[in-house]
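This report describes one protein chain for a reader who has not seen it before. Please look over the sequence and the structure before reading on.

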Amino acid sequence: AGEAARQATEAATLSAAAALVAAPEPDPVEVASNIAIAPLNISPLAVAVSRKPAARPATLSKSIETALTAAIRQPTPTRRAAPYDEPTNLSAPEADNEPEREVASAAPRIPTRASVAKQATYKNAINLRNTNLIGVYGTPAKRYALVRQSNGRIKKVAIGDRVDGGVVAAITATEVRYQKGGRLIALAMPKG
């Protein structure tokens, strides 16, 4: 009985698939009228046939390339003259006799990874050969500090932990004090 039911289901499925392959594209009006008659729970926002999306404009990739080229070719800003620089003669004609060319500024200046890193970096903020305080966090009653050791490892310390051959005695909002030998050493947050 189970085998006969399975064969009947397969036959019905095959005949329905053959009917779909052989059937022409349905008329949207006819499909919409059949949906209205069918007692299914279909959302009233459902559409019978979706519209084909518009084709991408042929000039889109060319427009993108033009905008990127304009953004890349923008001149870099010149630095202001420092007090120790010699003044330049601005009234002298150019030596190369090249005509002035104005650069279009339609596209915004796009920062690169290098320029972002340069703007976010302080030179010589810490001495990498020494132990440095990177940050302090936690509540005033229970503070923790991140300390960069001279070997490059970052260590999370609390009061009583060992760091740089000494024992952490206090952690304030801006510094860590530890006792090494008979001396009390303070590590302050980097300036910047």
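## Glutamate 175 and the salt bridges

In this predicted model, glutamate 175 has a relative accessibility of 16%, so it counts as buried, the cut-off being under 20%. Its side chain meets that of arginine 177 in a salt bridge, with an N to O distance of 2.4 Å. Arginine 177, at 32% relative accessibility, counts as partly exposed.

A search of the whole structure finds 2 salt bridges. In one of them, aspartate 164 and lysine 180 meet through their side chains at 3.6 Å, N to O. This pair links distant parts of the chain, 16 residues apart: aspartate 164 is in the loop between strand E4 (162-163) and strand E5 (166-171), and lysine 180 is in strand E6 (residues 175-180). Lysine 180 is partly exposed, with a relative accessible area of 29%, and aspartate 164 is also partly exposed, at 32% relative accessibility. As background, side chains of opposite charge can pair when their charged atoms come close.

Aspartate 164 has a further feature in its backbone. Its phi is near 55°, a positive value in a residue other than glycine.

## The sheet E4-E5-E6-E7

Four strands form an open sheet in the order E4-E5-E6-E7, with antiparallel pairing. E4 and E7 are the edge strands, each pairing on one side only. In general, strands of a sheet pair through backbone hydrogen bonds, either parallel or antiparallel.

Glutamine 179 has leucine 184 in E7 as its bridge partner. E6 and E7 form a hairpin with 2 residues between them, and glycine 181 in the turn has a positive phi of about 70°.

## The nonpolar core

Which residues make up the largest nonpolar core? It has 10 residues: Leu133, Ala145, Val147, Val157, Val163, Val168, Ile171, Val176, Tyr178 and Leu187. Strand E2 (143-148), E5 and E6 are the elements that give two or more residues to this core. In soluble globular proteins, nonpolar side chains tend to be buried together.

Valine 147, one of the core residues, is found in strand E2. At 0% relative accessibility, valine 147 counts as buried. Leaving aside residues up to four places away in sequence, valine 147 touches Thr131, Asn132, Leu133, Ile134, Arg153, Ile154, Lys155, Val157, Val163 and Leu187. Between the C-alpha atoms of valine 147 and aspartate 164 there are 9.7 Å, and the two residues are 17 residues apart along the chain.

Tyrosine 178 is another member of the core. With residues up to four places away in sequence again left out, its contacts include Val163, Val168 and Leu187, as well as Asp164 and Gly166. Tyrosine 178 also touches Val167, Ala169, Arg183, Leu184 and Ile185.

Leu60, Ile64, Leu68, Ile72 and Ile110 make a nonpolar surface patch of about 490 Å². Among them is isoleucine 64, which lies in helix H3 (residues 60-72). Is isoleucine 64 buried or partly exposed? With a relative accessible area of 46%, isoleucine 64 is partly exposed.

## The chain as a whole

The protein chain contains 4 helices and 7 strands. Read from the N terminus, its elements run α-α-α-α-β-β-β-β-β-β-β.

Of the 192 residues in the chain, 12% count as buried. The accessible surface comes to about 16600 Å², and 58% of it belongs to carbon and sulfur atoms. Among contacts between residues at least 6 apart in sequence, 30% join residues at least 24 apart.

Conventions: Residues numbered from 1 in each chain as written. Predicted model: local features only at pLDDT ≥ 70, side-chain atom pairs only at ≥ 80, totals over all residues. Heavy atoms only, no water. Patch = residues over 30% accessible without salt bridge, like charges linked within 9 Å, V, L, I, M, F, W, Y side chains within 5 Å. Areas by Shrake-Rupley, 256 points an atom, 1.4 Å probe, with all protein chains shown as cover. Salt bridge = Lys/Arg side-chain N within 4 Å of Asp/Glu carboxyl O. Buried < 20%, exposed > 50% of the residue type's maximum accessible area, 1.4 Å probe, protein only. Pairing = 2+ DSSP bridges. Contact = heavy atoms within 4.5 Å. Core = buried A, V, L, I, M, F, W, Y, C linked by side-chain atoms within 4.5 Å.
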